[in-house]
Amino acid sequence: CCLVETGCPPGAGRGSRAGRGDRQILAPGGGPRRPGLTQSPSPQPRQNLLQAAGMVGQTSGELLQQIGESDADPHFQMVESRRPRTLSAPDSKTDMLMQLAKAVASAAAALVLKAKNVAQKTEDSALQTQVIAAATQCALSTSQLVACTKVVAPTISSPVCQEQLVEAGKLVAKSVESCVDASQAATDDQQLLKQVGVAATAVTQALNDLLEHIKQHATGGQPLGRYDQATDTILNVTENIFSSMGDAGEMVRQARILAQATSDLVNAIKADAEGETDLENSRKLLSAAKILADATAKMVEAAKGAAAHPDSEEQQQRLREAAEGLRMATNAAAQNAIKKKLVHRLEHAAKQAAAAATQTIAAAQHAATANKNPSAQQQLVQSCKVVADQIPMLVQGVRGSQAQPDSPSAQLSLIAASQNFLQPGGKMVAAAKATVPTISDQASAMQLSQCAKNLAAALAELRTAAQKAQEACGPLEIDSALSLVQSLERDLQEAKAAAQEGKLKPLPGETIEKSTQDLGNSIKAVSSAIAQLLGEVAQGNENYTGLAARDVAHALRSLSQAARGVAANTEDPQAQAAMLECAGDVMDKAGNLIEEARKAVAKPGDPESQQRLAQVAKAASQALNRCVNCLPGQRDVDAAIRTVGEASKKLLADSFPPSSKNFQEAQSHLNRAAAGLNQSANELVQASRGTPQDLAKASGKFGQDFNEFLQAGVEMAGQSPSKEAQAQVVSNLRSISMSSSKLLLAAKALSADPAAPTLKNQLAAAAR
């Protein structure tokens, strides 16, 4: 059980011995060993066994407490004393479970005394023996319950431990029933039977208190906040409406329940608003109540339509959409209460998934020697290794969320860790199930099969909990993304300061080629993520907008790292500063975009918000283009493009005076210049696939050769015998000028994105 809570790999974790005594109670199938299996021919050895089990539980609990791995859920435990504790002298802390278990034991002891009174006044020896046996069994089953509680209490959050305790409680209930039946068969004395009945009722009540306590907190604790009952009902009933599509009657019935729950929530919000001293908070509460009331009215109208037309799919769809709108309004109105509850449930689901995965890994290791199929075993081992790497991150996510319950980043980290755990966990379940038939040892096969089944159930619960927590924490994604972008901007400012001092150095493995390629790829990724963000804002979905903002921020992180790498590998101080300045400008414009996206998604359809969003999106796109122009080689290509443009202005003249060269000399000069330009074009095509230095050199040479070619062409135009011939020469020169510009632009684009197949085709066409 200790391994269950820590998520450590079997045999290698702290507390692995501490939980060994606990695990001895587990059956080979990974589930609880039925408490009845501890029966022995005589009560005394069995009682000794129970006492020993209780000592194991107490000792392991103390050790878990010392290493900080004991279950600290306040819903399960209650501290009565906080005095210093040592292993040799246990403290006086009495957890809630032990209080409830001892209450059952006290009530059972009273029942045993009443049953003995019946036995003493029974003349039939056979009936007397039955009463004594039933009372003895009741006492033993109660002792077993107390011992089981001591063993599982330190790790009671584990479903396996909870099931053990429930099974022990069932045996107590059965023994109480047998005791009452035996007493009724042994005597007709109503006074004695009444006393037995009262005592039995007390045991049953105490037992119910214990079982209810376990059941109530098995899914992660009691509701939090004053709105929880209503919001719980709303969330659950909307799920029922979604799953009842096609059954109009059931949908309408659920809608009535939903209307009542939302009415309760609206009244609770209004009551809070009336008691609020801060006028701004009061206004926000009343606004949320109005939105919720409007959504409720819309849902009621849709329910009436579905009731009046039970066979209309359109009316059912309207009811579904209205219920979804009501759910979103509820999330907005009681966001904090819902978020805390769902995050708490996710923490619990993550702990159970880590526990189930750890048990499955242990079962797989135990079954390895009995596996007849090496290939299947290898696949299982590989999947276990992947999951074992994910468990610490999942556990860390839980601990981070619990340590910082109000931290958006901690909650988002937990959600991300949970989502990342699902796929490898599912693969391990599939590998385990496939391996079970190949295991020769039946006990090992049963254990692995049961563990895989438990893990599959835990993953299903984790998937649901993560999805619901994601919905509730969706708006946090925007805040987290904005915070990350601002942090990246500060990092780039620090890098710029380091560059000015000559202290900016490449990180290990950073080269100009790799950084340039990474920067080009990240710029493309940022552009794609921004387009996705704008699309989600247009749809008006706040959750998906948050996810898109997160993707933008993550792409910007890659861009920031690549920009730093390019600058660190650049010797020119001006080029360094330009690169970091452009990257910082991208962060600034992207931060503005995310901020405007948050405002716009809150006002879907608002023209002013959409206009501002379009403006900041354009500014972000322009900043990305400037960042592309700062790539090594790109500046040189831009210089060559300017050279071509400046040289081509000569073709705008109305007349071309003849040069000192004759016609043959001008034509020969033009042929040589054309051959040189053609050679430079081929070199430029090759350089666009090479290093930035190659591109810089080739583009510079191309600009020089084009300038020489155009000068030769102008001289040739001046030697033309007629106006028509001159016009033809100028037209050809203009065409070549345009093709040269296209070639340079294509080379520039390809160097920024070498993997793009369309750019390769464009470059080849421009070269031709």
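## Basis of the model

Because the structure is predicted, local features require pLDDT of at least 70 and side-chain atom pairs count only at pLDDT 80 or more, while totals for chains, interfaces and linings use all residues. Residues are numbered from 1 along each chain as its sequence is written, and side-chain values rest on heavy atoms, with hydrogens and water left out.

## Overall composition

The protein contains 24 helices and zero strands; these elements are DSSP runs numbered from the N terminus (helices H or I, at least four residues; strands E, at least two). Of its 768 residues, 48% count as buried (buried is under 20% relative accessible area, exposed over 50%, partly exposed in between, with a 1.4 Å probe and protein chains only).

Among contacts with a separation of 6 or more, 77% link residues 24 or more positions apart (contact means heavy atoms within 4.5 Å).

## Packing of helices α4 and α6

Two packed helices are described by the angle and the distance between their axes. For α4 (residues 96-120) and α6 (residues 159-186), the axes come within 10 Å and cross at roughly 15°. Such axes are lines fitted to C-alpha atoms, for helices over the stretch in contact, with angles from 0 to 180 degrees between N-to-C directions. The helices α4 and α6 are therefore roughly parallel to each other (angles under 35 degrees; over 145 is roughly antiparallel, 65 to 115 roughly perpendicular and the rest oblique).

On the α4 side, the contact involves L97, V104, L111, A115 and V118, which meet L165, V172, V176, C179, S183 and A186 of α6. These residues divide into ten nonpolar, one polar and no charged (nonpolar: Ala, Val, Leu, Ile, Met, Phe, Trp, Tyr, Cys and Pro; charged: Asp, Glu, Lys and Arg; polar: the others, Gly among them).

Q254 lies in helix α9 (residues 248-274) and counts as buried because its relative accessibility is 5%. Leaving aside neighbours within four places in sequence, Q254 is in contact with V237, N240 and I241.

S680 belongs to helix α21 (residues 663-687). At 0% relative accessibility, S680 also counts as buried. Not counting residues up to four places away in sequence, S680 touches K701, F702 and D705.

## An exposed residue: P374

P374 is found in helix α13 (residues 374-403). With 65% relative accessibility, P374 counts as exposed. The C-alpha atoms of P374 and T438 are separated by 9.3 Å, although the two residues are 64 apart along the chain.
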